[in-house]
Amino acid sequence: MVAVAAPSQSLQLTQRFRSVRQQSVAICQPLQTEDYVVQPTGDVSPPKWHLGHTTWFFENFILTEQIADYQFFNKKLNYFFNSYYESQGERILRTNRGNMTRPSVAEVMAYRQYVDSAMEDLLAQFETDTAIPQNLAHLLEIGLQHEQQHQELLVTDIKYILGTNLLFPVYQNEEKRTTAATRSLGWLSVPEGVYTIGYEGNNFSWDNEGSVHKVYLHDYQIADRLVTNGEYLTFMQAGGYDHYEYWLSEGWEWAKYLEVKAPLYWYQKDGIWYQYTLRGLEKINLDEPVTHISYFEADAYAQWKGWRLPTEFEWEVACKRQHSQIPATGNFLETGNFHPIAPQSNMDTQFMGSVWEWTGSAYLPYPNYPRFKGALGEYNGKFMVNQMVLRGGSCATPASHARITYRNFFQTDKRWQFTGIRLAK
């Protein structure tokens, strides 16, 4: 839970609210108007939908509850911007979000300004009061964390929208962050023992990170860096996509029908492999971490190597042994890099940032799972089936949103997120 905010913290909350909200708009600034609207696949939402949905969250869960005579900007927008909350009424089908030419991008931006103004007026009431009520502080924090999740989705959805366009539009022109040559793969050893899992701090965490509990782990080793493009290319050249013995049955059926037997956004021309990045089409850098990999591909690669993926508990324990907090040098959204990078030193184990790492763990509740109450109880708990856990954050994850205990989750075939591979044995 979020602690009650003292008066001196109230202004900080307002400034943080403003900063997070502005970041979402900044991510979209390089787009053309047409880019805001399209939905090339069901997993991807139009950028204007993300901007509207995150606004709806503040209006629906805070403003309407805190202000007795609150006037909606346009109550009809609830139908378009409710995502999956059954308790909040009817909503547009996820796959139909790209069919809505109205509300226009201009109206969505006006909606954001309207709600932002109302939110700042609400928060201003407490700047000379004794404290912001705990329930409001908690809802505000959830809203900001929720928006940061959608900032990552904005980056990955924009990449899909542009990266599946054979014109390969350039989103950003900034100079690419320097990538060093990758060192040889090494192993971090973790001794047998009983370890603590879950979030133990006093700041915000999602309900799926609790409750804190113990797990027993056998001796194991975990790779000291991520799998690279060059290493994955070797798997491809060895016929990795053509040998069923490396694949889970469902993964083999999935792989057989791939048009290109390679990570998402890889294209081969005249025998040379390229990948789409948000800087446009580039030659594959063999030293960078491989990304846009499904769980099926990650598991098949591990089987081909004769090793395996770590469990989420093995990953968390190993990461905690390397880091007491999020490293300041992590490759997160704030770097503006929007692309994985190789280890920056011999001490860089790449546990945090660059790519989300597939684990061998199904997404299930921890013992005594403390599910959020009310409508927000729909946030995580109802998705705990048929999904696998990912850990570590990516180059599209806001650093202030990341935690070592953070549990991301996706279905086994998904790869439009910045997902990659770490091995264990």
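Q: What should the 30 residues of helix α5 span at 1.5 Å a residue?

A: This is a predicted model. Helix α5 covers residues 134–163, and at 1.5 Å a residue it should span 44 Å. The C-alpha atoms at its ends are 43 Å apart, which agrees.

Q: How many of the residues of α5 are buried?

A: Of its 30 residues, 26 are buried, so α5 is mostly covered; buried here means under 20% relative accessible area.

Q: How do I describe two packed helices?

A: Two numbers are used: the angle between the axes and the distance between them. Take helix α6 (residues 229–237) and helix α8 (residues 295–305): their axes come within 11 Å and cross at roughly 80°. That makes α6 roughly perpendicular to α8, as angles of 65 to 115 degrees count as such.

Q: Which residues make the contact?

A: On α6 they are E231, Y232, T234 and F235; on α8 they are E297, A300, Y301 and W304. By class, five are nonpolar, one is polar and two are charged.

Q: In what order do the three strands of the open sheet run?

A: The order is β5-β6-β7, with antiparallel pairing. β5 (266–269) and β7 (280–283) are at the edges with a single partner strand each, so one side of each has no neighbour in the sheet. From one strand to the next, the twist averages 35°.

Q: How many bridges pair β5 with β6?

A: Four bridges, in the antiparallel sense, join β5 to strand β6 (residues 272–277). Y267 stands opposite Y274 in β6.

Terms used
Residues are numbered from 1 along each chain as its sequence is written. This is a predicted model: local features need pLDDT of at least 70, side-chain atom pairs count only at pLDDT 80 or more; totals for chains, interfaces and linings use all residues. Side-chain values use heavy atoms; hydrogens and water are left out. Axes are lines fitted to C-alpha atoms, for helices over the stretch in contact, and angles run from 0 to 180 degrees between N-to-C directions. Helices (H or I, at least four residues) and strands (E, at least two) are DSSP runs, numbered from the N terminus. Angles under 35 degrees count as roughly parallel, over 145 as roughly antiparallel, 65 to 115 as roughly perpendicular and the rest as oblique. Contact means heavy atoms within 4.5 Å. Ala, Val, Leu, Ile, Met, Phe, Trp, Tyr, Cys and Pro count as nonpolar, Asp, Glu, Lys and Arg as charged, and the others, Gly among them, as polar. The expected span of a helix is 1.5 Å times one less than its number of residues. Buried means under 20% relative accessible area, exposed over 50%, partly exposed in between (1.4 Å probe, protein chains only). Two strands pair if DSSP finds at least two bridges between them.
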